[in-house]
There are 2 protein chains.
Amino acid sequence: MTAPLPLRLGELERRGLRDRVYDLVLEMLLQGDVEPGSRLSIDTLAKQLDVSPTPVREAMVQLERTGLVTREALKGYRVAPPFGPEELAELFDARLMLELEATRRAAPHADLLLPRLREAHDLHRAWAEQVTAAMAAGEPSTRVTQEYFAADAAFHRAIFECASNRFLLAMHDDLGALTHRLRQAVIRGANDVEEAHAEHAAVLEALERGDVEAATASMRAHIEGVRTRSVREEIAGD
Amino acid sequence: MTAPLPLRLGELERRGLRDRVYDLVLEMLLQGDVEPGSRLSIDTLAKQLDVSPTPVREAMVQLERTGLVTREALKGYRVAPPFGPEELAELFDARLMLELEATRRAAPHADLLLPRLREAHDLHRAWAEQVTAAMAAGEPSTRVTQEYFAADAAFHRAIFECASNRFLLAMHDDLGALTHRLRQAVIRGANDVEEAHAEHAAVLEALERGDVEAATASMRAHIEGVRTRSVREEIAGD
DNA sequence: GTCCGAAAAATCCTATAGGAAATTGGGTTC
DNA sequence: GAACCCAATTTCCTATAGGATTTTTCGGAC
């Protein structure tokens, strides 16, 4: 038997070109700088990324799952159209169901959950302060907001990861891209990020007490808070 | 202005070769005649179906979503390994959450739901009788069981379609393939299909009375019944 | 018999080419 | 000026080719 290798590179996951193209296009879409409804030409993307159309094509198939693009046979891909009011309501209803169930299931695993959640919560606070500072200064940095979005997503994902249900986690990830796109519309509000952070704190505090009922109630209040802020911006934003 | 075309073929959806390959491989996997864990070579599939590897490759990317195949970069695709006990439990937990939520949301739309549900229920009864007759005769026709599976899936899907939430419906469809694969292990029981039909009847009857509480309770009993029969077969089957 | 290693085969992955369909643009007719 | 039709271009889609990697096979050493 050989001694355990000091450099164990077996963990680093090998990836094909298709996966890198997927990441790039996904980032481009989440960035939000592409207009909804506009075409996403396979060949054009291939030339822009300096690869052949084949891996681009496969990445687009994979992107269909995120809901960020729509496909029509023989006509190509388009950036998904913006949310309508009813689609928005359905997304929040679905997310509420998932988050409540995840909170219920994750609460018993406090030993795993709480450290991760506290760490995510601290990061969320740090970036929230950055965002509010940037907004006060009148310079909305996309760099900062993207980091804030990531911290927000990490907080919620920590709960799902501790819910010990891979299908629940998969459903959350499937809605993740659409949720992220939604977040971008909710940033404009002055103290939105601080409200969100306070709601997160309520969830965390209830979980620290081991109070499952209070935790789910706080999570419900949080999701409904995000919903309220979303529709508020939906109306405010022309 | 021309008169409205008598044959309006605008509805029929045009499909590429990739979609047909997807359907064929999906059917092959749902049929259950391929061994879990075995390799699914792109080139081999392409030769078998007499097409080029390119559309096969795209169909495989799409199949990743169903959970029926697993991919490892540079190593190809494999038929997903069989369910372990914990995976089975998680799948039922997730499905229970979805079905209960769908029942709650579909119940108010009785005018849309009940006709469709009754029709699906009648079909379910018809094929259930076919299955029990075939099993009594000792000839388990895959043709009949597949039709029964389709009728069972149609009953549940009718509820989700009337829940008026596209994301809930999408989640259900995402779990659909795995659920279907699970069904195949639950057929052996003598009167399993009749039990399932009786449980469906309880759900339908409660919905006809407009009793949402009873409907969700019946749905919970149904899913738990399927779970019980599944693990019973899981243990019985070597 | 078992383990190891190199050659051979199979497979994955990307690039390129060309046919088929859709979109665009321009000219004509009413 | 608007609607229509046809050509030109763009784009999608599938097939083929070849390099890179993995898997298998086979021979030899312990």
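Student: Which residues does B:Asp174 touch, not counting residues up to four places away in sequence?

Tutor: Contact means heavy atoms within 4.5 Å. By that rule B:Asp174 touches A:Asp174, B:Arg65 and B:Thr66. Before going further, note that this is a predicted model, where local features need pLDDT of at least 70, side-chain atom pairs count only at pLDDT 80 or more, and totals for chains, interfaces and linings use all residues. Residues are numbered from 1 along each chain as its sequence is written, chains are lettered from A and ligands numbered from 1 in the order in which they are written, and side-chain values use heavy atoms, with hydrogens and water left out.

Student: Is B:Asp174 buried or exposed?

Tutor: Buried means under 20% relative accessible area, exposed over 50%, and partly exposed in between, with a 1.4 Å probe and protein chains only. B:Asp174 has a relative accessible area of 17%, so the residue is buried. B:Asp174 sits in helix H7 (residues 166-183) of chain B. Helices (H or I, at least four residues) and strands (E, at least two) are DSSP runs, numbered from the N terminus.

Student: With which side chain does the side chain of B:Asp174 make a polar contact?

Tutor: A polar contact is a pair of N or O atoms within 3.5 Å; within protein, one must be able to donate a hydrogen and the other to accept it, and residues adjacent in sequence count only if both atoms are side-chain atoms. Here the partner is the side chain of B:Arg65, at 3.0 Å.

Student: How many salt bridges are there over all chains?

Tutor: A salt bridge is a side-chain nitrogen of Lys or Arg within 4 Å of a carboxyl oxygen of Asp or Glu. The count over all chains is 52. One of them pairs A:Arg183 with A:Asp152, with the closest N and O atoms 2.8 Å apart. A:Arg183 lies in helix H7 of chain A and A:Asp152 in helix H6 of chain A, so the pair ties together parts that are 31 residues apart in sequence. Both A:Arg183 and A:Asp152 are buried.

Student: Which residues come nearest to DNA strand D?

Tutor: A residue is near a molecule or strand if one of its heavy atoms lies within 4 Å of it. There are 22 residues around DNA strand D, and A:Arg14, A:Leu74, B:Leu17, B:Ser52 and B:Lys75 come nearest. Sugar and phosphate make up 82% of the atoms of DNA strand D that come within 4 Å of the protein. For B:Ser52, a backbone N or O atom is 2.6 Å from a phosphate oxygen of DNA strand D.

Student: How does the span of helix H5 of chain A compare with what it should be?

Tutor: The expected span of a helix is 1.5 Å times one less than its number of residues. Helix H5 (residues 110-136) of chain A has 27 residues and should span 39 Å; its end C-alpha atoms are 37 Å apart, which agrees. The buried residues of H5(A), among them A:Leu113 and A:Trp127, pack against helix H4 (85-106), helix H6 (142-161) and helix H8 (192-209) of chain A. Just after H5(A), A:Gly138 has a positive phi of about 75 degrees.
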